[in-house]
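Please examine the structure shown below before reading this briefing. The points that follow are grouped by topic.

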Amino acid sequence: MENTEQKATASPTVFRFGLFELDASGGTLTRAGVRVKIQDQPFRVLIALLERPGSIISREQLRQRLWPDGTYVDFDGALNAILKKLRAVIDDDPNNPRFIETVPRKGYRFIAPVHTVSSESPARGTDS
């Protein structure tokens with residue numbers, strides 16, 4: 001009777017990087033405390049990258065996360081557009097990235113330091 005898979009994706013976590021803070025459970029992204037407008041798919045790609053900073057997330061992993069099996073879409077074009085929107089929101093240049101590095105023929109990697117805060121544990125003694 002355990003729902004560990006659903007709970008894992010629903011665990012409230014806040015990711016902090018640069019001037020940004022992403023609240024995965026609240027569905028918000030802020031920059032220096034000011035809420036930033038971001039569409040659903042770029043937000044989900046950002047969460048995928050923040051969950052595994054420093055690791056390469058393949059285009060196939062992103063496809064599985066964004067589109068359920070049986071969804072027919074111009075995957076390459078759609079993912080490129082999503083990444084372009086995401087980079088515009090977080091002011092990241094693909095030619096000189098601060099946050100998201102493109103790893104040719106492999107995928108994408110989040111390269112900035114990421115601090116996570118789980119709201120399940122008390123936030124005692126947090127250093128930012």
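This briefing covers the overall fold, the surface and a group of aromatic rings. The model is predicted. The protein contains four helices and eight strands, and 32% of its 128 residues are buried.

**Fold and surface**

- Starting at the N terminus, the order of elements is α-β-β-β-β-α-β-α-α-β-β-β.
- Of the contacts between residues at least 6 apart in sequence, 48% join residues at least 24 apart.

**Aromatic pairs**

- The structure has six aromatic pairs.
- One of them joins Phe 17 and Phe 99 edge-to-face, with 5.3 Å from centre to centre and 80 degrees between the planes.
- Phe 17 belongs to strand β1 (residues 13-17) and Phe 99 to the loop between α4 (75-89) and β6 (100-103), so this pair ties together parts that are 82 residues apart in sequence.
- Phe 17 also forms an edge-to-face pair with Phe 110, at 5.1 Å centre to centre and 85 degrees between the planes.
- Because Phe 17 lies in strand β1 and Phe 110 in strand β7 (residues 107-110), their pair ties together parts that are 93 residues apart in sequence.
- Ring pairs link Phe 17, Phe 20, Phe 99 and Phe 110 into a cluster.

- Buried means under 20% relative accessible area, so Phe 17, at 1%, counts as buried.
- Phe 99 is buried, with a relative accessible area of 4%.
- Phe 110 is buried as well, at 1%.

Terms used:
Residues are numbered from 1 along each chain as its sequence is written. This is a predicted model: local features need pLDDT of at least 70, side-chain atom pairs count only at pLDDT 80 or more; totals for chains, interfaces and linings use all residues. Side-chain values use heavy atoms; hydrogens and water are left out. Helices (H or I, at least four residues) and strands (E, at least two) are DSSP runs, numbered from the N terminus. Buried means under 20% relative accessible area, exposed over 50%, partly exposed in between (1.4 Å probe, protein chains only). Contact means heavy atoms within 4.5 Å. Rings of Phe, Tyr and Trp (its six-membered ring) pair if their centres lie within 6.5 Å; planes under 30 degrees apart count as stacked, over 60 as edge-to-face and the rest as tilted.
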